[in-house]
Amino acid sequence: MSFDAALQVEQVSKTYHLYDAPKDRLKQILFRGRRQYYREYQALKALSFSLPKGEVLGIVGRNGAGKSTLLQMICGTLTPTTGHVHIQGRIAALLELGAGFNPQFTGRENIFLSASIMGVEKSVIEQKLDDIIDFAGVRNFIDQPVSTYSSGMFVRLAFSVATTIEPDILIIDEALSVGDGDFARRSFERIMAMKERGATILFCSHSLYQIEVLCSQAIWLEKGQMVKIGKPAEVLPAYQAFLDRLASDPEATPEDVHKRVVSDSTSSPKVTGKAGQFARIEKVIAKTPQAQGDVLDIVSCETDLTLDILFKSTLQNEIPQVALTIHNAAGQLISSCGAWASGVQPVMGLDDIGSISIDLPKLPLLKGTYYVGVLLFCERGLFLHDEADPVVTLNVTQPNQERGLFMLPHTWQTKNSKRIKENAIVTTRQPSDRWNVREATDQDFEHIKQLFQDTFEQPLHEDVWNWKYKFADSSGYLVSEGQEIAGFCGGAPRRGLVKGEPATLAQLGDVMVDKRQRGVLTKTGPFYRSVYGFLTEKIGKDREFPFGFGFPNRRHLRVGQRQNLYAPMDRILEAEWPAKEAQYSLTEWQGDSDLGANIDQLWQQMKPHLNNYLVGVRDQDWMRFRFLEKPMDHYQIHLVQDTQQSQNYIGVIVLKDYPDSAHIELLDVITTPENGLANLAAAQQIASRLGRNSVKAWLTANVYAWYESTHATVTPTEVFVPGNALDDPDHLAISKDSWWLMGGDSDFR
């Protein structure tokens, strides 16, 4: 099985034996196969596919197509008749309502039972217990037997357990269909968060809209056989075409979709039987005058929102009706409107495609996050044919301090009836002065220390902080609310090279927001203001630092991306090589200048090979500061000699030992490309002599290019290198995929 594959299915099939009577089963056992008393039913024909880590696979097909059978064999609850399923990582599944629950156990007991089945330690569940209960919304009933739970409580608790433990692979088989609207939205958001974290997800649903939004790959099954696999944009149209064909020809097969019958263009339209009728949402385009997409920025009472809705309907003598809903982040229904209530009916065009648009001028929602859904009803607005919720997420900001959910149309008047021009008040009022933004000083350390403790749940040591920002005029920008520090963004200068030219780079880190303010993710909140202040004042074209770098994970990167602060410029890989013996001579450097002169010489030899990259300087001053002067950490810096070739030093390697994990980390290297493999071999030699199993390294793809011939085990991490999205785009593009960074470039390694 490939190291990068989370799941590999090899020629898996499932055949059932069907008996006409219980006695036939006994006869089959007694006659030991000499006669056959059963009929074979092949629920799933032999199929093979692999799913890389971090991908989301959608499975579509009609009832009886074999979707649930496939998922059950992947989970291990069914044994394949032929073939094998290979799983890499911990798996959690929601195959049916409350699967794995003991009805006589309480909800609390079932949490621990389910977690233990998934291989999660009790101590881990105890830490996450409150999160599981609160997400499921069953705190008042958690100590009652689950046999007393409603179906909604069942599924909420099962989903909460399965997703809170953060499995490597999550399987969902239509289990969310019993949840209410609020739970469905929260579940969808959690699935999206798991997707961003890099979890592998298998998602079976009849909602093609959800498959298209959520999945990166899709499989179409029909009568136990794989019809098509590929990108959702390739698979779903073919599947929809098949469903459309079934509406007029119930005996159609997937192969019929690809046939063109000449007479179709001239023959009379076929009358669709009632059994084949359907109505479903095809596409929703949400747009403002400034943008189009599934996430839009809205200014309260100023931005116009338009939704263009397309649907397909084979219903006879009926045109479906369309409705729109808006919920807030807590799942509360804010407003809804149906076209039929306004006396408007969608227009039907060619190929059974209907369309309608809705304009929401100067959207009066007040600041917050809102979700817009579209529903397709029968003409009386009673029966729901299809829904897509959400089709667009609205991030609403406002230039004033009004409170609530929406702005009521109103006019203020004085006693002499002179009207106040509302728009004048809105446009002249300054943004909220709730937050104060400024550069941090030494006097702020105690407040920053407390914020660090609350954010990262570990103490901040003053000597580490002073070491990190030793060469900075200020440690960064902070946001305060009154006397309380609500947010901070730090940045330290780093001497470097940009495509061969000297420059001072900025390493961003210590981005912190008070837990009580983390929900304030608007462009007036503490996260935005602290990061925005540092980026706009410090980093970019013609600024103090032409480029900056950091090491956020995918989730933190996405938060910055949504607010147009960060742009992904590169990604960190983790390479691993086995420990092995070699015969290199190693001299450990303790910081003396005489031996340090050799480091400077090696750095000068390395520089000409870095003219295509952005890279930090690696002379003896930097190596002494970064690795020898850092408090509370110990590193090994070795100068490498190949005594069989020359008495000269051929490179420098920096290592950190992890005895508990049985590996050492290669944090930094100073060498030339032709000596790169020799320096790696020296690190493998040290690992072998320390009794470790391997050498691991964090590096960008540009660094790994020097070691590609070693065929290391390489895994993409969830760590990215961001750029300043507020910078001049042409200038920012210089750093795209051009970073030469290793683990030692991060001060937390």
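## Aromatic pairs

Rings of Phe, Tyr and Trp (for Trp, its six-membered ring) pair if their centres lie within 6.5 Å; planes under 30 degrees apart count as stacked, over 60 as edge-to-face and the rest as tilted. By that rule there are 20 aromatic pairs here. Keep in mind that this is a predicted model, where local features need pLDDT of at least 70, side-chain atom pairs count only at pLDDT 80 or more, and totals for chains, interfaces and linings use all residues. Residues are numbered from 1 along each chain as its sequence is written, and side-chain values use heavy atoms, with hydrogens and water left out.

Take Trp220 and Phe242: their ring centres sit 5.4 Å apart with the planes at 45°, so this pair is tilted. Trp220 is in strand E8 (residues 217-222) and Phe242 in helix H8 (residues 232-248), so the pair links distant parts of the chain, 22 residues apart. Helices (H or I, at least four residues) and strands (E, at least two) are DSSP runs, numbered from the N terminus. Trp220 is buried at 1% relative accessible area, and Phe242 is buried too, at 0%. Buried means under 20% relative accessible area, exposed over 50%, and partly exposed in between (1.4 Å probe, protein chains only).

## A second pair and a cluster

Trp577 and Tyr707 have ring centres 6.2 Å apart and planes at 70°, so they are edge-to-face. Trp577 belongs to strand E24 (residues 566-578), while Tyr707 is in the loop between helix H18 (701-704) and strand E31 (713-724), so the pair ties together parts 130 residues apart in sequence. Both Trp577 and Tyr707 are buried.

There's also a cluster: ring pairs link Phe445, Trp465, Tyr469 and Phe488.

Two strands pair if DSSP finds at least two bridges between them. Strand E1 (residues 5-19) and E2 run antiparallel and are joined by eleven bridges. Lys14, for one, has Leu44 in E2 as its bridge partner.
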